Amino acid sequence: MSKQFADTVKFAFKTSIPVLCGYIFLGIAFGIMLQNAGFSVLWAFIISIVVYAGSMQFVLVNLLSANAPLYTVAVMTLMINSRHLFYGLSFIERFKAMGKRKPYLIFALTDETYSLLSAVTFPEKVNAKTAAFLISLFNQCYWITGSVIGAAAGELIPFDMTGIDFSMTALFTVILIEQIKAAKHKLPVLIGLCSAVLCLLVFGADQFILPSLILTVTVLLLCKPYLLTKTAAKHNAKEGDSNG
Amino acid sequence: MADWMHPALIVAVTAACTIFTRFFPFLLFGGKRKMPRFVQYLGGVLPAAIIATLVVYCLKDLNFSLYPFGLPQLIAVAVVVALHLWKTNTLISIFGGTAVYMALIHLF
């Protein structure tokens with residue numbers, strides 16, 4: 001194993017530790033739910049490999065126990081995961097150079113992986129492309145491990161884990177702070193925040209995410225002439241040291 | 001039809017639709033042709049806005065009119081912000097905030 005590869009693995013693991021904690025425990029919660037609905041460990045394992053979408057998998061448990069019709073399943077999945085349509089937009093350029101790793105990186109772009117990849121800066125000693133791939137892969141491994149543990153032995157866990165899922169909120173909060181610090185222009189954060197709160201009030205907790213993202217994109221596009229002049233200088237300056 | 005068939009189809013449809021939502025933008029704009037300027041622009045400004053949306057998403061179920069008024073979450077988020085501005089260490093911020101949250105929901 002080359003020194004660079006070892007450094008890359010180490011860096012990817014270190015970067016993914018916050019998600020490790022969150023995913024293991026959220027995965028366990030999912031596994032327990034699935035097992036209570038009458039599905040075995042094998043189901044948990046397969047679902048976490050092929051579906052791999054946090055909040056959608058919790059909804060999936062309800063769909064499975066209700067034996068829901070397939071068109072309901074399709075509509076629900078498209079609605080709940082519609083936010084992913086917007087995640088891809090931020091990575092089209094960056095993933096172009098990823099070669100064989102690209103399909104998996106797209107497949108594994110969950111909320112948490114999206115946040116890590118959009119915030120991470122790769123040190124020079126690591127291979128940036130491999131590191132991005134490994135971060136995505138490690139995250140899914142944590143999720144699979146958690147859901148298998150939950151389905152196999154969830155009831156046996158001796159301590160009260162209620163509240164551990166807050167680590168995901170904490171992760172997003174930390175990344176938001178980093179984004180605010182790094183951004184020359186704070187307006188995109190403000191637009192995202194305001195439209196989320198506004199849509200939450202108007203559409204309610206279960207419906208707000210899609211209208212909020214549409215509103216965010218619309219306002220961002222309207223602000224384009226203004227924001228572009230401000231960010232252009234920064235992007236040009238960054239061009240020189242970007243490697244992936 | 002075997003009794004595992006329908007559940008298996010439910011899982012397959014969920015997987016297919018999830019994969020579709022993740023690949024769609026790449027199929028639409030990721031080809032060889034040059035990306036439209038507005039997509040390029042969104043790639044730069046969208047992440048910060050989406051992360052802000054995700055923070056709100058995590059806090060969406062808070063109920064301010066009912067005890068404990070979302071206080072455990074709000075205090076814990078404040079702890080995360082304070083720790084992060086102070087130490088700038090992601091793990092300390094996340095573990096600290098989560099520990100405070102887990103303690104608070106037992107207290108309230």
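Trainee: What makes the largest nonpolar core a core, and which residues have the most contacts inside it?

Mentor: A nonpolar core is a set of buried Ala, Val, Leu, Ile, Met, Phe, Trp, Tyr and Cys residues joined through C-beta atoms within 7 Å, where buried means 20 or more other C-beta atoms within 10 Å of a residue's own, C-beta atoms being placed from the backbone. Here 105 residues qualify, and A:Phe172, B:Ala49, B:Ile51 and B:Ala52 have the most contacts inside the core. Helix 1 (residues 3-36) of chain A gives the largest share, 14 residues. This is a predicted model: local features need pLDDT of at least 70, side-chain atom pairs count only at pLDDT 80 or more, and totals for chains, interfaces and linings use all residues. Residues are numbered from 1 along each chain as its sequence is written, and chains are lettered from A and ligands numbered from 1 in the order written.

Trainee: Why are helix 4 of chain A and helix 1 of chain B called roughly parallel?

Mentor: Their axes, lines fitted to C-alpha atoms over the stretch in contact, cross at roughly 30° and come within 9 Å. Angles under 35 degrees count as roughly parallel, so these two helices are roughly parallel to each other.

Trainee: Which residues of helix 4 of chain A meet helix 1 of chain B?

Mentor: A:Leu70, A:Val73, A:Ala74, A:Thr77 and A:Leu78 do, and their partners include B:Leu9, B:Val13 and B:Cys17.

Trainee: How many residues does each chain bring to the contact?

Mentor: Chain A brings 74 and chain B 58, with C-beta atoms within 7 Å counting as contact. On chain B's side, helix 2 supplies the largest share, 21 residues.

Definitions and conventions. A residue is buried if 20 or more other C-beta atoms lie within 10 Å of its own, exposed if 12 or fewer, and partly exposed in between; C-beta atoms are placed from the backbone. Helices (H or I, at least four residues) and strands (E, at least two) are DSSP runs, numbered from the N terminus. Axes are lines fitted to C-alpha atoms, for helices over the stretch in contact, and angles run from 0 to 180 degrees between N-to-C directions. Angles under 35 degrees count as roughly parallel, over 145 as roughly antiparallel, 65 to 115 as roughly perpendicular and the rest as oblique. Two residues are in contact if their C-beta atoms, placed from the backbone, lie within 7 Å.
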